[in-house]
Number of protein chains: 2
Amino acid sequence: MSNTDEQKRLRVVIVGAGFGGLTAAQTLSNKALAKSSFDVTLIDRHNYHLFQPLLYQVATAALSPADIAAPVRGILGRQPNITVMLGSVSGVDTAHREVIVDGRRIGYDRLILATGAQHAYFGHDDWEPFAPGLKTIDDATALRARILLAFERAEMEPDPAKRQALLNFVIVGGGPTGVEMAGAIAELAKRALAWDFKTIDPRAARIILLEAGPRLLTPFDPSLSEKALRALQKLGVEVRLGATVTDCNAKGVAIGSGFIETHTVIWAAGVGASPAGRWLDAPVDRAGRVLVEPDLSVPGHPDIFVLGDTASLAGDNGKPLPGVAPVAKQQGAYVARLLIARAGGKSGIGPFHYRDFGSLATIGRKLAIIERGRFRMSGFFAWLLWCVAHIYFLIGFRNRLVVALTWLWSYITYQRGTRLITGEAGRSDMTSNDRAAGS
Amino acid sequence: MSNTDEQKRLRVVIVGAGFGGLTAAQTLSNKALAKSSFDVTLIDRHNYHLFQPLLYQVATAALSPADIAAPVRGILGRQPNITVMLGSVSGVDTAHREVIVDGRRIGYDRLILATGAQHAYFGHDDWEPFAPGLKTIDDATALRARILLAFERAEMEPDPAKRQALLNFVIVGGGPTGVEMAGAIAELAKRALAWDFKTIDPRAARIILLEAGPRLLTPFDPSLSEKALRALQKLGVEVRLGATVTDCNAKGVAIGSGFIETHTVIWAAGVGASPAGRWLDAPVDRAGRVLVEPDLSVPGHPDIFVLGDTASLAGDNGKPLPGVAPVAKQQGAYVARLLIARAGGKSGIGPFHYRDFGSLATIGRKLAIIERGRFRMSGFFAWLLWCVAHIYFLIGFRNRLVVALTWLWSYITYQRGTRLITGEAGRSDMTSNDRAAGS
């Protein structure tokens, strides 16, 4: 490649405005770095970037959707070299170097696929309606409606067995999402809702966390898993280790020969990659993640890069990199720098290395666990650090301020500010007759 | 009625947790007033009380739903004599004194119907899908998605005529809702979105406000209507007076022989009462509102009261009372005091009198108009008063704080914080392929 000012502007198409895709776009529009010119098109099927680590707080009525989402155009739209496009990608034509978006074809010179992950039910996709997962804002508001409706229906249910089934909440999967979800539902039932009903006592709700493995939060040190377990138990969560779900249906969850009657199951167990591997016909791992080269390119396609939850790459310790925001962000920045270096005539910048700044998880409003290499920390001060870190990484001054104030208010009052039953879930069941009773 | 402590507790059923129903319930649980005992059941089909006067700000991406809605249980659930019930009322059995809620029957001694209003299309219900109105949170988030999607689709539309049709926004009805909506969309297009697109210039959006009558805001003095008109025109809104809509369809809006091509029509013209009149087989006015007695009871049913937007009653000037929050609140408090007085053995407290504290309407971020009797005010200071009044009447400390801070932030930055396309609308059209591209 030539290093002259007359060189052709490279068309870079990025699919996905999550942590990876957004960071790649931001780096490619950084004037100090990107002296060579790129025309970047960022495509996402939503008009917002979502801060997924706090999505469970929307599902449990602590935050509003807009608090953890920022419009992509608001973040990037004013960069002159970036075009933001709302649309669904259905495939890639590698022969003609085109991405297919809602039937249209968008040409590219370099392609970055950062399409994230989706729920995986390990061959039991029929469980999905009974055990929804948590990946999008619509997932979160639907789950919020489902949880709040369970209490409302229990309040009106005369049969004690059916009432208790409505008050059973089962979370499948003891990773960070499952642990955070279980703690948040326990606090919702035992604190925020405790005095708001007449027939039922929301504190009688059972929150059951099922984990197939021998301990919670496997990526962490066993001592921290133990701390998380005890903190959850103190919040009243029943944790069942070594519990493999064998069926989910309208009545509840089967674990081998046991059965828990419930109307609310939350799937936090399996994550599979988005279909990017199929689009490219590329080699994938068992979860569908593309097995990328050390520079995150796709074998046989040096101009196509896959990153974040969509990619499978071993870290320095030989184990696959985890599906967390810092990996996606570092990979997004890496690919952008690689493209800049190559466009500047340099041969490359070496393989991708993940710099691990540590892992965090939180259990309720008093405890978090932090691990960084051999450094471990837990308790209230770790929880404060967790709060600060999450506010720091939120995009937008308004969102930071609102989330900080909301958390402070919730901490003092034990209340939840967004207890709304909206959308389809709110219109079904008990509230089916349209235009019947007002407000 | 006896005035002894042994008297039977009266079962009061209130349908609707809007301004009227909520105020009635609060007054009946006020210990200082309600020495006689009432068992109150408050039924609503939503689990929240909605501050409808700010709903247009949710529809135009300025506020989050939870900022203007408060869970009814959170407001009232801890009052020992109040039962909150989520459900849809489908009828009243006056012979057996029962309300029918989702097939169940709830007995009452006194019944208060405060079921609000709904959109009315003057015999053209087929217009509704093309010209949705704004009464619920789901209406507001659907409208927000529709408005934001129109800009996204325009950005991708190669045909200039079709592009302009997507950028045409028509508001039908020049009352307070229509005027506030038109001003808010104009500011969204010309300020918040102005620099966020590459192909289109959002400032080329046409915002057209249609009013069938000879002036805007007819309840106000003509001098204030004129000020509102000029303020809207300054914001770039095209106001067409004497414009009667003769058709709404997928292509746009017909006004006699004229036709405006558009994909976004907002219905702020007609409001009809909820079906309470039908439930009771009571005399109603042309809009379906129950013609109530001076004490708000239903003719022939002295123990059934209808109030707020569901009732039709002349004010002291002989004109029907307007469908605004203060009327509903004062009527809710009046009926509760009437029940308390009667239960205390007093004969009554005289007929209902509306105390008019004035009317407000706002146009954009700089001007409001206020009228109270012969006192009139407009301009920036009126706008500040409008802000303070609306924050004051919001329920809940958290909501007041968040709304105040959000307005301050928007005022300084011109930004909108809740530009999210969510729900069904966000899944249709351009974003139809599920699980195609990530985030």
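Good morning. Chain B brings 63 residues to the contact between the two chains and chain A brings 61, where two residues touch if their C-beta atoms, placed from the backbone, lie within 7 Å. This is a predicted model, in which local features need pLDDT of at least 70 and side-chain atom pairs count only at pLDDT 80 or more, while totals for chains, interfaces and linings use all residues. Residues are numbered from 1 along each chain as its sequence is written, and chains are lettered from A and ligands numbered from 1 in the order in which they are written.

On the side of chain B that touches chain A, the elements that each supply at least two residues include β2 (38-44), α4 (137-156) and α11 (397-413). Helices here are DSSP runs of H or I with at least four residues, and strands are runs of E with at least two, numbered from the N terminus. The most comes from α11(B), with five residues. By class, this side of chain B holds 26 nonpolar, 25 polar and twelve charged residues; Ala, Val, Leu, Ile, Met, Phe, Trp, Tyr, Cys and Pro count as nonpolar, Asp, Glu, Lys and Arg as charged, and the others, Gly among them, as polar.

I turn to chain A. Helix α1 (residues 19-28) and helix α9 (residues 325-343) of chain A have axes that come within 7 Å and cross at roughly 35°. The axes are lines fitted to C-alpha atoms over the stretch in contact, with angles from 0 to 180 degrees between N-to-C directions. Among the residues that meet are Phe19(A) and Leu22(A) of α1(A), and Ala325(A) and Leu339(A) of α9(A). This contact has ten nonpolar, six polar and two charged residues.
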